[in-house]
Amino acid sequence: MNSGPERTPPRSTSARLALLAVGLLSLHCASADRPRAAAGSTRVADAVAPSAAQPVRTLRVRVYADAEHRAQVLHWERGFESWLQRASAAVREPLGVTFTLESARAWDRRGSDGSQGSKGSPGSDASLEPVLDALEALDAGEDVDLVVGLVSAPSAFSESQHELGFARVLGRHCVLRGISGAVPVAARRHLEVSALLHEWAHTLGAFHVREARGWMAPKYDAAQSGFEPRTRALLEVGLRHLPGARVEVEAQRAWARELRTVLEGMVGPAWEGPERDFLLAWTERARAASVVLGPEGTPKGLTPSERQQLAEVIALEKAGQAEGAARALEPLAARHPQDERVQLLACYLAVHLTPALTATRERCEQAITRFPGEPSLRMNVALLHLHAGRFDAAQDSLLAARRNLAAQADPEPSLWADLAGLFLRAHCVTWAEEAAARAPGLPASASVLEQAARLRRQVALPEGPDAITATPRPAGVEASREGPLVRAVFDIEALLHAGSSGPARERITALSQTYPGSPSVALVQCELHLLQGRLGPARSACERVLAVREDAVQAHLLLGVLATNTRAHTRARAHLERVIALEPSRTEAWHLLAREYRGTRHLRVLQARYRERFSRDLP
Ligand SMILES: [Zn+2]
């Protein structure tokens, strides 16, 4: 009798774990067994005998009935209440438990999996699992001890087996099928009590016992009349610690410790198997965890009201009320350190509101240790580093984010575009372009590509390696060294503009050793020579730049200035025209050109072009 319906060993930790209800029932069996069933029912009735010594614990039960169940069972609420009373009678003496009906509610559930679902997958428990999921989503039931969903009786008792119910092991929900009115009353009552107690026991961690006469046998048997002693011990452990053990870490640990002791005593062929292994693993995790775990052995998720709060936080953030969002999120962030969405949002808000605070960095780095594969966290931390001018650290964070994104099966394209924008802020031009290329068609990507091209022209940075052959360009720089080079060029230009030629020269010398042959270095060399009046060396340095990047706009400007000073008008005009063609916003080039064109017919044309572009007169 025990061979058939063993099923659903725990899948992955993330998959919702559910174990099958009472096993299989055949109508032939049930009707043939009518006398036995009646006898069983009598035994259940006998158990009502009150026991004065036992303190009775009342468990509150909320029940939902779907439309089909309501249609099939006249006065279903009253029916369920007496069902509960009969179940109470069966456990009051051995366990000191009595069930009481908290409320009975109609359940407007779509579909009719309850009756027809098994058509598609005969003999499978798959049809009740989604029903259980739906019930959990409908009502977390945190204010009661058990939530029961009633669905229709199997429509066809034709030949074989149908499961009677399905429970969330270590949870607080179960689904029960009605029993067809065709089954004689006494047999039906015995079946109902057995199914209810079997499923309820699953929620306390009881598992199937390969022993036909106990309620935890994997198959229903009309002779079943109670829990065998070790299952009873397991249930008593649960009753001692629940419901606190579902919400408090310490209580859950205590439950897990005692549960483990009981499980360790359950050795032998009747007990061993994947169900016991799962429970042992769960107790192990619960004892080690610093947060409350849910039935799956993963940290307990948000309650429905907390999910609502989170939705409100997101709405506030979207409405531009980041501070209000951060305030509203704080209690959730404290209660749910293991919730990825909550922690991600908390890090994001902190980065945008208080980037300079140590607490912000700590919060995000802590989240990274919990969710090391999450690219957004790395990007937020990179943003903190960028704010603080820690470019090397930012670069490392961005590379980690890129690894995370690359590891995702189907990452959001906008994340690649975000990453591209951050790489660009860190002056990692090639990496910015590569990331933008992974999110083609997004405006953010197009903008990054445009800015990257502009930055390359500005600092005379050769293109990155050929995308197809991966061969480096002449005078090119490895992607990892682009950022430091670009920043050094900016620093040196700032020194030159501030008149600090000495320090600028030192930096240039050092840079030329680190990046020999780089046109970017030649560019700042050209500028230094020009400022110090060494026109020959300036010209040859700038021409070296243009030999590698003809579109190096600054080299054209410097050569234009140089030519203007030496009255080489044709050359000056050519370079300056090239500057405004490449970078129309360089107003100094317009002014120099205007001086070059003074007294010629070209001046009017230049003024007209200026007016057209800037909607004002060239000063
Ligand atoms: Zn079961």
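Strand β4, residues 146-151, is largely enclosed by the rest of the structure, because six of its six residues are buried. A residue counts as buried if 20 or more other C-beta atoms lie within 10 Å of its own, with C-beta atoms placed from the backbone. Strands (E, at least two residues) and helices (H or I, at least four) are DSSP runs, numbered from the N terminus.

The model is predicted: local features need pLDDT of at least 70, side-chain atom pairs count only at pLDDT 80 or more, and totals for chains, interfaces and linings use all residues. Residues are numbered from 1 along each chain as its sequence is written.

Within β4, Leu146, Val148 and Leu150 point one way, while Val147, Gly149 and Val151 point the other way. Strand β2 (residues 57-66) runs parallel to β4 and is joined to it by five bridges; here Val63 has Val148 as its bridge partner. Five bridges also join β4 to strand β6 (residues 173-177), again in parallel, and Leu150 stands opposite Leu176 of β6. Two strands pair if DSSP finds at least two bridges between them.

Now turn to helix α10, residues 274-288. Its buried residues are Glu275, Phe278, Leu279, Trp282, Thr283 and Ala286. Seen down the helix axis, they fall within an arc of 135 degrees, so they line one face of α10. The arc is that of the directions from the helix axis to the C-beta atoms.

Of its 619 residues, 44% count as buried.

Key
A residue is buried if 20 or more other C-beta atoms lie within 10 Å of its own, exposed if 12 or fewer, and partly exposed in between; C-beta atoms are placed from the backbone.
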